[in-house]
Amino acid sequence: MSEAADGLAAWIAPKRTAVLVIDMQVDFASPDGVLGGFVDMSVVKPALAAAETLVAEARAAGVPVVFVGLWTTPETDSAAWNERMRRRGGDPDVDAALCRAGQVGSEFYGPQPAPGELVVHKTRYSGFVGTDLDMRLTGMGVDTLVVAGVTTECCVDSTVRDAFDLDYHVFVAADACAAYEADIHEASLKVMELNSAILTDTAAIANAWKGAA
C-alpha cells in the first residue's frame, strides 16, 4: 500500500477520524438479497469480515463509526437512473427496487450499528448527496475518513470522491471493500488511489490505532 509506515498513526489519529461503512446491506451483500439472486455473493464475504474487524478496532480506539446505507422509495427513485435503465432495455419498476425503506433488503448486513452510532440514509450513490453527513462529521471534529463498503466502483467510489472534494483526508481500507468482479474492484481502487484517496488495509489501520493509543 502507498502510505508511509511512520505517518499513518498521525494521519488517522482517533481524535480526527471517523470510519464510514458504505452500503453493507442485505440487497447488496447477502445471498438472500435482491442482487443475491444473480450475483455470487461469496466475493463479498472477505470484505464483510474485514469490515467487522475494522469496526471493532475503531470502537476500541474511540474512533466514531458511521453507517451509510441506501434507503429508497418509489418517490425518491432517480428519474435519470430510471430513464437510463429503460434505454438499456431494463425495467425500472423492478431494477430500481433495491434497499426499499422498511424492507429486509435495506437492513445492514455484516457489521451492525451500535446504539448511539450515526446512521445516514441516502438515496443516491454518494453518502454526501442529499444528506447531512458533511455537517454531522464537521460537528464531530472529523477531517479524516477511513472508508469501507460495497461496491468499490459505485457507492464507495462516489462517496470517496465527494469526501475528497469536500477537503476530507480519505483512506480506503481496500480489504474491507468489494465489487462483484475482481477486475472492477482492482481498477476502482487504482483510480481512487490516483485521484482521491490513500489505500491501506485493516491490519495497518489497527496497528496505527494501537500505536496512537
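Biologist: Which residues does I12 touch, not counting residues up to four places away in sequence?

Modeller: This is a predicted model, and in it I12 touches T17, T144, V146, F171, I205, A208 and W209.

Biologist: Which nonpolar core has I12 among the residues with the most contacts inside it?

Modeller: I12 has that place in the largest nonpolar core, which holds 37 residues.

Biologist: How many residues are in the second, separate core?

Modeller: That second core has 27 residues, including L20, C155, Y168 and V170.

Biologist: Let us turn to strand 1. How many of its residues are buried?

Modeller: Six of the six residues of strand 1 are buried, so the strand is largely enclosed by the rest of the structure.

Biologist: Which residues lie on each side of strand 1?

Modeller: T17, V19 and V21 are on one side, while A18, L20 and I22 are on the other. Both faces are covered, as these residues are all buried. In a regular strand, side chains alternate between the two faces of the sheet.

Biologist: What joins strand 1 to strand 4?

Modeller: Six bridges join them, and the two strands run parallel. Within this pairing, L20 stands opposite V147 of strand 4.

Biologist: How many bridges join strand 1 to strand 2?

Modeller: There are four bridges between strand 1 and strand 2, which also run parallel. On that side, the bridge partner of L20 is V66 in strand 2.

Biologist: New topic, charges. How many salt bridges does a search of the whole structure find?

Modeller: The search finds nine salt bridges. One of them links K122 with D23, whose closest N and O atoms are 3.1 Å apart. K122 lies in strand 3 (residues 118-122) and D23 in the loop between strand 1 and helix 2, so this pair ties together parts that are 99 residues apart in sequence.

Biologist: Is K122 buried or exposed?

Modeller: K122 is buried, with a relative accessible area of 0%. D23 also counts as buried, at 1% relative accessibility.

Biologist: What does R59 form with E117?

Modeller: R59 and E117 form a salt bridge, with the closest N and O atoms 2.8 Å apart. R59 lies in helix 3 and E117 in the loop between helix 5 (92-95) and strand 3, so parts 58 residues apart in sequence are tied together.

Biologist: Why does R59 count as partly exposed?

Modeller: R59 counts as partly exposed because its relative accessibility is 36%, and that category runs between 20% and 50%. E117, by contrast, is buried, with a relative accessible area of 19%.

Biologist: Where do R100 and D77 lie?

Modeller: Their side chains meet in a salt bridge of 2.9 Å, N to O. R100 lies in the loop between helix 5 and strand 3 and D77 in the loop between strand 2 and helix 4, so the pair ties together parts that are 23 residues apart in sequence. Both R100 and D77 are buried.

Biologist: Which residues are linked in a network of salt bridges?

Modeller: That network links E83, R86 and R87.

Biologist: One more residue, S106. Where is its place?

Modeller: S106 is in the loop between helix 5 and strand 3, and it counts as buried at 3% relative accessibility. The side chain of S106 reaches the backbone oxygen of Q103 at 2.9 Å.

Biologist: Which residues is S106 in contact with, leaving aside its neighbours within four places in sequence?

Modeller: S106 is in contact with Q25, L70, W71, C99, R100 and A101. Of these, W71 also forms an aromatic cluster with F67 and F108.

Biologist: How many aromatic pairs does the structure hold?

Modeller: The structure holds four aromatic pairs.

Definitions and conventions:
Residues numbered from 1 in each chain as written. Predicted model: local features only at pLDDT ≥ 70, side-chain atom pairs only at ≥ 80, totals over all residues. Heavy atoms only, no water. Core = buried A, V, L, I, M, F, W, Y, C linked by side-chain atoms within 4.5 Å. Buried < 20%, exposed > 50% of the residue type's maximum accessible area, 1.4 Å probe, protein only. Contact = heavy atoms within 4.5 Å. Pairing = 2+ DSSP bridges. Phe/Tyr/Trp six-rings, centres within 6.5 Å; stacked < 30°, edge-to-face > 60°. Salt bridge = Lys/Arg side-chain N within 4 Å of Asp/Glu carboxyl O. Polar contact = N/O pair within 3.5 Å; in protein donor to acceptor, adjacent residues only side chain to side chain.
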